[in-house]
Amino acid sequence: MSFPGNPRRLLLPAALLLIVVCALAAGASAPAKTLEEKLQDTQGKLSEVRESESSLSATIAGQNRAIDSMIGEVSALRQRQAAIEEELAEKQSELDAATSKLAADRRHLAEVRARLQRALGVLRDRLVAMYESGSPDMLNVVLESANWSDLAASAEYLSQVQNYDDSVAARVRGLRDEARAAVDRMTAVRLQIKDARDAIAVKEGEVADARASAEARFAELKEAQAARQSALEQLESRSQALGDNLAAISEQIRADAGSPAPAAAPAPLSAGQSAEYISESQASVPADAPPAVQAAIEAANAIATTPYIWGGGHGSFESSGYDCSGAVSYALHGGGFLESPLDSTGLETWGEAGAGQWITVYANFGHAWMIIAGLAFDTVGGPGPRWHPSPVDSTEGFIARHPPGY
């Protein structure tokens with residue numbers, strides 16, 4: 001059998017036709033398969049990132065606890081330093097008073113010595129006169145008296161001389177004892193001043209050394225935390241990008257399958273769920289709020305009259321004053337959302353991302369504040385942690401976090 005023309009020329013169009021048909025057939029099923037593959041691949045990468053993020057978050061949580069403990073230590077040291085400085089000021093006042101008394105004692109001693117010298121001069125003159133003229137006695141007075149009146153007058157004179165001599169001698173002894181007592185007092189005051197200054201100098205040195213050591217360690221921990229925070233932010237950024245990509249793919253798959261869209265953001269609070277501003281030191285506890293939220297409001301009320309103290313509320317929730325993150329931590333702890341205090345950097349990764357329906361914490365490297373049931377609780381705009389009917393701070397530049405489910 002023979003074929004007209006070149007057989008290769010007939011096979012080439014057939015092969016091209018076959019390739020086109022296969023390509024069209026593959027193109028018809030490729031999009032759905034490609035989306036599923038992309039979804040699975042993105043989910044796998046996101047899981048890896050979140051595992052790394054979880055591991056690093058645990059490390060940062062440990063660093064947060066160490067940082068919180070160190071903040072508490074540094075705060076205590078600073079308060080101790082302030083107390084020592086106040087004590088030093090009091091001691092200095094005492095020393096100034098003692099120095100003034102010492103100067104007065106010196107002047108008094110000089111006067112006593114001058115009087116003593118005068119008294120000694122009088123006594124010396126009396127002794128010389130008695131030596132030169134002899135000391136009269138009662139027997140000579142009786143023998144030399146012409147009559148009774150003369151005897152009485154001479155006896156009176158002799159008694160006056162004796163009393164005078166006795167008073168001069170007593171005056172000399174009194175002034176001498178007074179001078180010695182003044183010298184003893186001055187010596188004791190000088191020793192007191194020296195001992196007090198030495199003791200205060202030792203205390204100042206100890207507190208300064210402890211504070212320097214604690215702040216050096218604090219700086220090391222902050223540096224380590226900043227490095228880990230940077231790594232976490234990089235992971236979070238990658239996680240966010242993958243999450244956005246995953247959301248876009250899922251949305252496309254839902255659109256192709258006709259699935260409903262995900263639920264919207266939480267609904268705003270109703271009147272019975274919102275806290276009411278009574279004063280900067282008190283907010284109402286809404287009856288329709290969850291018990292944990294009610295407890296957080298009550299905890300915030302409990303410290304809303306305290307002053308601002310740097311480091312207050314760290315190391316221990318109980319303090320005479322609170323800083324920004326210490327106050328937020330106290331309120332969260334009151335609601336059962338936090339076991340140990342966190343600084344503002346630690347609050348950046350606490351809880352879940354975004355604003356919550358009931359509680360939202362806003363944190364960055366230098367500050368933290370919160371919204372509870374619609375009211376702002378912040379150390380800015382007051383002498384310490386206080387309530388505000390509207391936020392004092394802008395949310396710009398802050399990371400929003402909330403307790404899971406709230």
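The following legends describe close-up views of a predicted model. Residues are numbered from 1 along each chain as its sequence is written, and side-chain values use heavy atoms, with hydrogens and water left out. Because the model is predicted, local features need pLDDT of at least 70 and side-chain atom pairs count only at pLDDT 80 or more, whereas totals for chains, interfaces and linings use all residues.

**View 1. The open sheet of six strands.** The strands follow the order β3-β8-β4-β5-β6-β7, with antiparallel pairing. At the edges stand β3 (352-353) and β7, each of which pairs on one side only. Strands are DSSP runs of E with at least two residues, helices are runs of H or I with at least four residues, and both are numbered from the N terminus. Two strands pair if DSSP finds at least two bridges between them. Between the antiparallel strands β4 and β5 there are five bridges, and T360 stands opposite I371 in β5.

**View 2. Helix α4 and its surroundings.** Helix α4 (residues 291-303) has 13 residues and spans 19 Å from its first C-alpha to its last, close to the 18 Å expected at 1.5 Å a residue; the expected span is 1.5 Å times one less than the number of residues. Its buried residues include A292, V293, A296 and I297, where buried means under 20% relative accessible area, exposed over 50%, and partly exposed in between (1.4 Å probe, protein chains only). Among the elements that cover these buried residues are β2 (282-283) and α5 (324-334). Contact means heavy atoms within 4.5 Å.

**View 3. Two helices across the strands.** Helix α4 lies across β4, β5, β6 and β7, at about 120° to β7. Helix α5 lies across β4, β5 and β6, at about 35° to β5. Axes are lines fitted to C-alpha atoms, for helices over the stretch in contact, and angles run from 0 to 180 degrees between N-to-C directions.

**View 4. G381 in the loop between β6 and β7.** G381 counts as exposed because its relative accessibility is 60%. Leaving aside residues up to four places away in sequence, G381 touches H388 and V392. G381 and D393 are 12 residues apart in sequence and 8.9 Å apart in space, C-alpha to C-alpha.

**View 5. Q273 in the loop between α3 (148-257) and β1 (277-279).** A polar atom of the Q273 side chain lies 2.9 Å from the backbone nitrogen of S270. Leaving aside residues up to four places away in sequence, Q273 touches P268, P286, D288, A289, W358 and A373.

Conventions. Polar contact = N/O pair within 3.5 Å; in protein donor to acceptor, adjacent residues only side chain to side chain.
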